[in-house]
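Hi,

Here is the structure I promised to pass on.

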Amino acid sequence: RHLAYTENARHLLHETLAAHPETLDQSFETTAAHKTVGQLVAHLVGAERRWTLGRLYGEAPPPRYEDAAAQTLDGLFADWDAIRVRTLAFAAGADAGALGRVITTDLPQWGASVRVTAEEVLLHLCSHQAWHGGQVSMALQRLEVRHCQVQIEIGLAAPVFIEHKNAGVSG
């Protein structure tokens with residue numbers, strides 16, 4: 001259910017950015033390492049690849065996507081589509097035992113190791129996309145792209161992006 005919601009938000013984000021391709025490479029003020037909308041989207045792709053392949057599927061961790069990310073909007077979303085298929089396939093095929101499987105994850109950047117369930121990994125992917133979706137929303141506001149942030153009540157609030165059709169509506 002949460003993945004379906006993030007999938008909808010992801011498609012709406014793609015539509016919004018496709019309508020405003022100039023925003024992909026424009027820098028905006030932030031304390032985060034990702035200083036453009038394109039870099040944030042690349043980070044979302046990379047993080048989902050790491051968590052899905054390296055944690056859910058137990059494969060060797062892939063190289064950092066952010067270091068060799070696609071340079072176009074369509075390329076970024078094609079890469080995101082490819083990993084999202086694997087994420088959705090895992091979720092669709094997971095029974096209670098698979099969702100409850102405990103995964104130990106090393107986080108060397110913090111000198112820590114954490115134990116999470118596969119279900120918590122999926123929830124992390126949803127909340128991570130919502131977090132950075134909020135950053136994209138703020139960046140688009142700063143870049144004066146007319147859009148709005150709406151909440152859909154399904155148990156997890158996350159930003160989705162919808163182009164204003166009415167020029168008189170402010171976001």
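First, the ground rules. This is a predicted model, where local features need pLDDT of at least 70, side-chain atom pairs count only at pLDDT 80 or more, and totals for chains, interfaces and linings use all residues. Residues are numbered from 1 along each chain as its sequence is written, and side-chain values use heavy atoms, with hydrogens and water left out.

The chain has five helices and four strands, taken as DSSP runs numbered from the N terminus (helices are H or I, at least four residues; strands are E, at least two). Starting at the N terminus, the order is α-α-α-α-β-β-α-β-β. Of the 171 residues, 46% count as buried (under 20% relative accessible area, with exposed being over 50% and partly exposed in between, using a 1.4 Å probe and protein chains only). Taking contacts (heavy atoms within 4.5 Å) between residues at least 6 apart in sequence, 59% join residues at least 24 apart.

Now the aromatics. Rings of Phe, Tyr and Trp (its six-membered ring) pair if their centres lie within 6.5 Å; planes under 30 degrees apart are stacked, over 60 edge-to-face and the rest tilted. That rule gives two aromatic pairs. In one of them, Tyr57 and Phe90 have ring centres 5.8 Å apart and planes at 75°, so this pair is edge-to-face. Tyr57 sits in the loop between α2 (37-56) and α3 (73-93) while Phe90 is in helix α3, so the pair ties together parts 33 residues apart in sequence. Tyr57 is partly exposed at 30% relative accessible area, and Phe90 is buried at 12%.

The other pair is Phe77 with Trp80: their ring centres are 5.4 Å apart and the planes are at 40°, so it counts as tilted. These two are three residues apart in helix α3, about one helical turn. Phe77 is buried with a relative accessible area of 2%, and Trp80 is buried too, at 1%.

Two of these rings also have an arginine over them. A charge sits over a ring if NZ of Lys or CZ of Arg is within 6 Å of the ring centre and within 35 degrees of the ring normal. The charged end of Arg10 is over the ring of Trp80, 5.1 Å from its centre, and that of Arg86 is over the ring of Tyr57, 4.1 Å from its centre.

On to helix packing. How do α2 and α5 (residues 118-142) pack, and at what angle? The angle is about 175°, with the axes 10 Å apart (axes are lines fitted to C-alpha atoms, for helices over the stretch in contact, and angles run from 0 to 180 degrees between N-to-C directions). That makes α2 roughly antiparallel to α5 (over 145 degrees; under 35 is roughly parallel, 65 to 115 roughly perpendicular and the rest oblique). The residues making this contact include Leu44, Trp51 and Arg55 of α2 and Val121, His128 and Leu140 of α5.

Leaving out residues up to four places away in sequence, Trp51 touches Leu56, Thr105, Val121, His124 and Leu125.

Cheers
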